[in-house]
Every structure is written in C-alpha cells, then in structure tokens.
Amino acid sequence: MSKDFLRISPAFEDVMPAEYRELVASGPYGKGYGISDLGSHKELLEEHPLCAGCGLALSLRLTLSVLPAPEDTVIVGSTGCSALAFPQVALHNIHSLFGNQNAVASGLKRALKLRFPDKHKDVVVVAGDGATADIGLDMVMQSWFRGELITTIMLDNEAYANTGGQESGMSPKGAVLYMAPKGKKFQKVNMPELAREAGCVYVAAVSPANPKRLGKAIKRAILVAREVGPTYVQIFAPCPTNFKFKPQETIKRIKEREKDGTYLMREYISPEAQEYLAAMEGGTKDE
Amino acid sequence: MSITPYRVLVGPEGYLPPAAASRGILLPEKGEALIEGAIVPEEEAMQAIATKLLSAKNPFFFPGPQLLWDWKEGVALKAQAVKKLADLAGARVIPMPDYRPKYPMINPAVEINPNHPNLTIWHNKIDVCVFIGVHCHYANMALKIIRGGTSCYTIALCGEAGHEDAMISLCCMGMPELARLTEIIQSMKGEQAA
C-alpha cells in the first residue's frame, strides 16, 4: 500500500462513513507525525474497549502516533488485552495464535520483501508480556537469533490481565494477583538483557510517563529494523484492574516504580545501529 | 442411495451453514453464472438479477474496498458504472470500506462489515443485496453469514471466479458485463413502465 492509494472513488464519496473520509482528509498517512502532533489530526485508534486508566491503551495510542510510515506498516498482534483494541485500529494488522506473533511476523516480513523489493514495509509485533516473555518466548528469541528485520514491542502490564489476573514471567517477585494469591516466587524476566544477548541491535525499555522518550524509542526501533537487525522495545503499561490501583494513578505508579528502581528504563544501541541512526536522524527534528 | 443436490437458497439456514463448495456447488466458467447452485448461461443470470432487483422491496448494493478506494487506473470509472447501475435499479448503497472486525462498534445504518453482515441486513430490513468489489474470501464469509442468519437474497457480481455462496453469482464481471446488466435493467424497467 502507498498513501497515494488512499483516495475514495468519487462515485462513492457521499456514502463512505465519516470515519474514513476523515482518515483520508486528516489521517497520519504519509505525514510523518510525532507525539507533539497528537490532537491535530485524525488518529489511528480513537475508540477501544480497554479498561479505564489502562496503561496499555495509552501506550498503544502513543506508539501508533509515531509510526514512521503507517501506510506501509503491518502490525502483528497476539492474544491479550491489546488484541481487543486492534480491531478498531486503522492499520493493517494480523492477529496470530497466542505466542506465534514473531514467527508470523518473520514470514510476513520476508514475503513483503519479495513482493516489494524496493520499498520499506515495516513489520511491527505488538504483544503483551504473556505472549512475548512466556508463551511465545521461543518464537520471539528464535526470530532474534535469525536476525529477522522486525520490531518487537512488548506492552508489559506484568500479568495475564484479560483472563482474570494470573502471574506472568514479567510480574515482579512477590506480586499478588487475583489468580496468584500466594505471590510470585521468582524474579521478573530481564527481557531487555535477553534481547540484547539474542541479537537485537536496538533495545529500549520505556513508559508512557515519558511520551517523548517512548516516541523516540519506537521510531528508532522501527527505522533500525528496516536495515540493521531485529529490535525490541518494552513499554511499562501497568494494569489498574489487576494491580488494584485507581485508574487515574497509572502514570504516578510508573513514576514510583521508576524512582524506586523496580522498573528500569534504558536504551541499548549497537554500534551498527548507532551509525545508521546517526545518518537517519542527522538534520531531522528529534521527536 | 439417493443424493439431493444442495441448493443455495434464501435463509435463514441456521447457525454455521455449510460452505456451498463443500456441498458440491461448482464455480461457473466464463460466460456462465450460478443461480441457487446451478450453472446457467450468464445472460439468464443477468435477467434473474434484474428481476430480483426490480421486484425487491428494499434492495441494497454493498461495494467493497476494491471499488470504494480509487487504488488503480480504471477503478473510479467502474465505481461510477456500479453507482449508475444501483441508481437505475432503485437500490441504495452501503459500503464495506475494509475488513476490520469492528464488532460491535459499526453503525449498521452506514456501513457493512464482513464479520457480522447480518447486523446491517437486519437493521435496514434489506431483502435483496448485491456484493461487488469485495475480496473473495471475505465475500464468501459474509455471504455465508447472511444465508445463515437472514432472509436476504444475495447476489454477487464478481470480477474473478464467482461465489458459490451467493444465490446468484456472475463471474468475470468487467465493464462490458456491467454495461450489459445495466441495459437489461433499463429495458426491463421500460417494459414495466409500459
């Protein structure tokens, strides 16, 4: 797809629902928008069924607002809370079987490369912590070992949130959830470190409490994955429903965790990725 | 053992009706068409479509993404011809702009979604509908759901191989075929008026 295709046939202009006319007139396709442009255009996700105060919903909104080329992006999702929002997102997206997302994305990326050899088609995996660090860890890591040119984004709400609140590998040690009443017995999986060791050339852990840093990390990860290697972004997206805090306290909760050192925000850029980014970002506005 | 051939008839056939292909309904060759599961000459099917549309209480056209979006040369012209055909048949148009399963957030008064087309059929009390410009797999799925849950008569004007799951299906639908169907409807309307 190219943004040039986003034209409504004149004969049917009058019957197209307003949502589509708005997407054509003021959507983000081909515009190169960033976080600071939010509120000035029709967004890719405007309605969703996620809970009030959901850190994941906010992270998703921010993520979608900084895609370098939404018209040439395919999101591969997996079972989890985020999958409930994707049917409403105005992007190509594929829902894969639970845990299969990186395997599906690998095949998709290769097929798109064959079909559109002269074009960048960004394949971005957006999945929860259960799909990324538990059920799909094999597929995730194998895709990194193979050096697949895809971006993996984990929305880390530290639990299996839409199935009643079971602990995941990303739940912090001691976490008590509705279906984990005895408290988690082992440490949170150190996914950023695993990603780096497994071959990701760009790794970041960010949160919606700092939207500009989140935007920059997503953009960098997608750009680097076009040519240099696999990339990984972990977004801390706390869940008020399962961790029993008020919906309006999500950002406060992130800041507290960051402050007490139980959730580390970080960025790793390999030398090759650094070189590539220096060329890409040179002379452009830093998001 | 006697086998009664499967017929693709007006529903509601019930939850999860079979895919017509799995019951032995074959697709037509060029110049042929399907009427309720039987292969007939294209001209006969066009006459049947015209009759169905002109005798319907509340006919609708459902153009799909291949026609709604001006994505390649010739599409805008074809869209114009389809709009003219719908207007001539006295049918209203509800678009299927994409295939996102937006359940339950569509407005059935203004759009149709292949994952729950029955909502639009029920809401607008549609008795005859025409699919055109919908990619094959989504058209088949939507046609099957409509047959399963509604009493709407389905017609597919397909640019490719046709649709077994529609009650009437043309195949290889290009501009000449659209023009011929328009001509038939025009002349049938003239006869009715006379």
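**Exercise 1. In which sense do strand β1 and strand β2 of chain B pair, and over how many bridges?**

Solution. This is a predicted model, in which local features need pLDDT of at least 70, side-chain atom pairs count only at pLDDT 80 or more, and totals for chains, interfaces and linings use all residues. Residues are numbered from 1 along each chain as its sequence is written, chains are lettered from A and ligands numbered from 1 in the order in which they are written, and side-chain values use heavy atoms, with hydrogens and water left out.

Step 1. Find the strands: helices (H or I, at least four residues) and strands (E, at least two) are DSSP runs, numbered from the N terminus. In chain B, β1 covers residues 32-35 and β2 covers residues 38-41.

Step 2. Apply the pairing rule: two strands pair if DSSP finds at least two bridges between them. β1(B) and β2(B) have four bridges and pair in the antiparallel sense. Within this pairing, B:Glu32 has B:Pro41 as its bridge partner.

Step 3. Look at the turn. The hairpin has two residues between the strands, and B:Glu36 takes a positive phi near 50°.

Step 4. Look for another partner. β1(B) is also joined by three bridges to β7 (residues 168-170) of chain B, and these two run antiparallel. Here B:Leu34 stands opposite B:Ser169.

**Exercise 2. Which residues make the contact of α6(A) with α7(A)?**

Solution. Step 1. The axes of α6 (residues 137-145) and α7 of chain A come within 8 Å and cross at roughly 40°.

Step 1. From α6(A) come A:Leu137, A:Met141, A:Trp144 and A:Phe145; from α7(A) come A:Met191, A:Leu194, A:Ala195 and A:Ala198.

**Exercise 3. How many salt bridges does the rule find across the interface of chain A and chain B?**

Solution. Step 1. State the rule: a salt bridge is a side-chain nitrogen of Lys or Arg within 4 Å of a carboxyl oxygen of Asp or Glu.

Step 1. The interface of chain A and chain B has three salt bridges. A:Arg7 and B:Asp70 form a salt bridge at 3.6 Å, N to O. B:Arg100 and A:Glu19 form a salt bridge at 3.3 Å, N to O. B:Arg100 lies in the loop between β4 (92-93) and α4 (117-124) of chain B and A:Glu19 in helix α1 (residues 18-26) of chain A, so the pair joins two chains.

Step 2. Count the residues in contact: chain A gives 20 and chain B gives 23.

Terms used
Contact = heavy atoms within 4.5 Å. Axes fitted to C-alpha atoms, helices over the stretch in contact; angles between N-to-C directions.
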